[in-house]
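Have the model open as you read.

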Amino acid sequence: MHHTFKVLFYIKRSAPLKSGLVPIFGRIAVNGRRTQFSTRLALPPEAWDVVQNRAVGRAPEMAHINQSLDAIRLELERCYAELLQRCMHVTPELVKERYLRGRYGRTGLLQLVANHNREFSQQVGVDRSPSTLQKYNSVQRHLAQFIPTYTEDTDLPLEAIDQRFVIAFHGYLLRELALHKNTVWIYLTALKHLLQWGRKQGYAISDPFDGYRLRSEHVRRAFLTEQELVQLLSLSNLSPALALVRDLYLFSCFTGLSFVDLKGITRRQLSYVDGHWWIETTRHKTGTQVQVRLFDISYAIVEKYASEDPDRPIFPVPSNSWCNRCLARLARMCGLTKRITFHTARHTFATTLTLSHGMPIEAISKLLGHQSIRTTQIYATITRSHLDREMNRLSQQLEPLAARWRQ
């Protein structure tokens, strides 16, 4: 049987790196079938010769790249020759898998996740969120606990990842760990992204999520009503700790800023424009710029805690867990039976203080710093009072029709 085998290198201009360099990919072709892989090399786009498929220039870096490409080509040819001696049907995927295993070792799923999380952690504070890293670390921890029960080994080879594994891991999170359905959805979505990242790195990983539907469950978001806000505002004789948490929570209710975004706010982020105070900050989670006008109560809270140092954080923010414990006490003092956490302040801003008073959802999305209006739609629940006002308005508009009918 006649076999054809070719190796081609090319640059991926459509996926430049943050450094401005473009990655070099390889293409393996066997009998007309093709597969791609990352060489883990990169160079300036103008330094690539599309005819010769090589780096150009006299710089030592370009010579090193060409030497590396020659070595990769030789290794691929060796892998192909060995496979040709052992099996009749050689595919580009088999050549790629043999090459990657020989070059990088037998990488398992946990090793892949560890590599991803290590790279991800280096971007935290630049363009990645600590909370997202925490999510990936949680997935890594759950996988480390689950895999030995699945394979009786400490890691799972990447080629063994299939939909059966996803189904088993899904069941483990639901039944063994008793996690909420939406938490499981978050972890499985993260695992899907991790495997996609692995494929981009050149690892031979199938898509076990192909045809496997991931669904989240709608959850009613808790928030405070106007009456409940008044009750919280009216509390007196609070201890310093409870007073601080109450003020922080109220500031979040009237600005929509999240707990983590309150920590770093300084006087330099405040500005007085057209007779009003504004705060401008960057959302820690998404990196989105947010500008929020301060109501009188918001600015009064700022004045209560701000020092003269313009670079010093305005609020002495405790831990989130401590704040939530204090909020539980405050809720009991107000006679509230609903569970209140710090994040319900953003729900209160989105629902009670903005949407219920007729603010367009597009404006609310901008104030909350959401990258998609779909996220805002999850937060913003239509309240009964808002519906009553809208129905009253509609009733007035329809009154002429009712009058004609009465005649």
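The lining of the second largest pocket splits into eight nonpolar residues, one polar and one charged; here Ala, Val, Leu, Ile, Met, Phe, Trp, Tyr, Cys and Pro are nonpolar, Asp, Glu, Lys and Arg charged, and the others, Gly among them, polar. You'll find F254, W278, V292, R293, F295, F349, L353, T354, M359 and L367 around it. A pocket is an open set of points on a 1 Å grid over the protein atoms alone, where a 1.4 Å probe fits, with protein on both sides within 12 Å along at least five of seven lines; lining residues have an atom within 4 Å of a point.

This is a predicted model: local features need pLDDT of at least 70 and side-chain atom pairs 80 or more, while totals for chains, interfaces and linings use all residues. Numbering starts from 1 along each chain as its sequence is written, and side-chain values use heavy atoms, without hydrogens and water.

Which helix gives the largest share of that lining? It's α12, with three residues. Both β8 (289-293) and α12 (344-354) supply at least two; helices (H or I, at least four residues) and strands (E, at least two) are DSSP runs, numbered from the N terminus.

Now follow α12 to α8 (residues 240-255): the two pack at about 40 degrees, axes 7 Å apart. That makes α8 oblique to α12, since angles under 35 degrees count as roughly parallel, over 145 as roughly antiparallel, 65 to 115 as roughly perpendicular and the rest as oblique. Axes are lines fitted to C-alpha atoms, for helices over the stretch in contact, and angles run from 0 to 180 degrees between N-to-C directions.
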